[in-house]
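Trainee: I would like to learn how to read a model of this kind, feature by feature. Could we begin with charged side chains and then move on to the rings and the overall picture?

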Amino acid sequence: MTADNSNEQQIIRTQLARERNKLAEQRTDYSLERTRLANQRTFLAWCRTALALMTFGFVLERIDLFVADLGVSQKMLKELSTLGIVTFIAGPLMLIFAAWRFFALQRRIGLSRADLFFMPEVAVFIFIIGIVLVHVFS
């Protein structure tokens with residue numbers, strides 16, 4: 001009877017170990033998914049910041065239209081315009097850095113290159129930047 005009892009306990013322990021392994025694998029999968037989603041949220045936050053920086057640069061570059069009647073000196077307007085251009089250019093640079101960081105972390109957590117394809121977003125962004133650049137510098 002002790003041999004039977006010992007054999008049953010061994011079977012139960014093996015089943016419990018298998019269930020614990022399944023749960024551990026699920027937790028690992030969920031952890032990777034949370035990390036991937038956090039990386040995407042961070043990338044989108046960088047994108048919003050870059051867009052805000054570009055918008056601020058655009059407003060600074062065109063500030064002369066808003067303050068022409070306030071008696072602001074031409075030197076100040078020229079400096080604000082230069083600052084606007086620099087700020088506007090800093091936006092896409094920030095976006096490039098954010099994309100580099102995003103892809104580097106995605107590779108570190110082990111996602112394949114097929115999971116990292118988002119060409120439509122890049123095409124739309126380049127199109128918008130092109131329209132804004134034509135408008136600003138024309």
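Trainee: In which helix do Glu-33 and Arg-36 lie, and how many residues apart are they?

Mentor: Please keep in mind throughout that this is a predicted model. Glu-33 and Arg-36 both belong to helix 1, which covers residues 2-61, and they are 3 residues apart, or about one turn of the helix. The two form a salt bridge, in which the closest N and O atoms are 2.4 Å apart.

Trainee: Is Glu-33 buried, partly exposed or exposed?

Mentor: The idea here is to compare relative accessible area with two cut-offs, since buried means under 20% and exposed means over 50%. Glu-33 has a relative accessible area of 35%, so this residue is partly exposed.

Trainee: How many salt bridges are there by this rule?

Mentor: The count comes to 2 salt bridges.

Trainee: Turning to the rings, how many aromatic pairs does a search of the whole structure find?

Mentor: The search finds 4 aromatic pairs. One of them joins Phe-43 and Phe-102, whose rings are tilted, at 5.0 Å centre to centre with 35° between the planes. Because Phe-43 lies in helix 1 and Phe-102 in helix 2 (residues 74-108), this pair ties together parts that are 59 residues apart in sequence.

Trainee: What is the arrangement of the rings of Phe-97 and Trp-100?

Mentor: Their centres are 5.9 Å apart and their planes stand at 35°, so this pair is tilted. Phe-97 and Trp-100 are 3 residues apart in helix 2, which means that about one helical turn separates them. As for accessibility, Phe-97 counts as partly exposed at 39%, whereas Trp-100, with a relative accessible area of 56%, is exposed.

Trainee: How many helices and strands are there in the protein as a whole?

Mentor: The protein has 3 helices and 0 strands, and from the N terminus on its elements run α-α-α. Of its 138 residues, 19% count as buried, while the protein exposes about 10,600 Å², 65% of which is supplied by carbon and sulfur atoms. Among contacts between residues at least 6 apart in sequence, 77% join residues at least 24 apart.

Note on methods. Residues numbered from 1 in each chain as written. Predicted model: local features only at pLDDT ≥ 70, side-chain atom pairs only at ≥ 80, totals over all residues. Heavy atoms only, no water. Salt bridge = Lys/Arg side-chain N within 4 Å of Asp/Glu carboxyl O. Helix = DSSP H or I, 4+ residues; strand = E, 2+ residues; numbered from the N terminus. Buried < 20%, exposed > 50% of the residue type's maximum accessible area, 1.4 Å probe, protein only. Contact = heavy atoms within 4.5 Å. Areas by Shrake-Rupley, 256 points an atom, 1.4 Å probe, with all protein chains shown as cover. Phe/Tyr/Trp six-rings, centres within 6.5 Å; stacked < 30°, edge-to-face > 60°.
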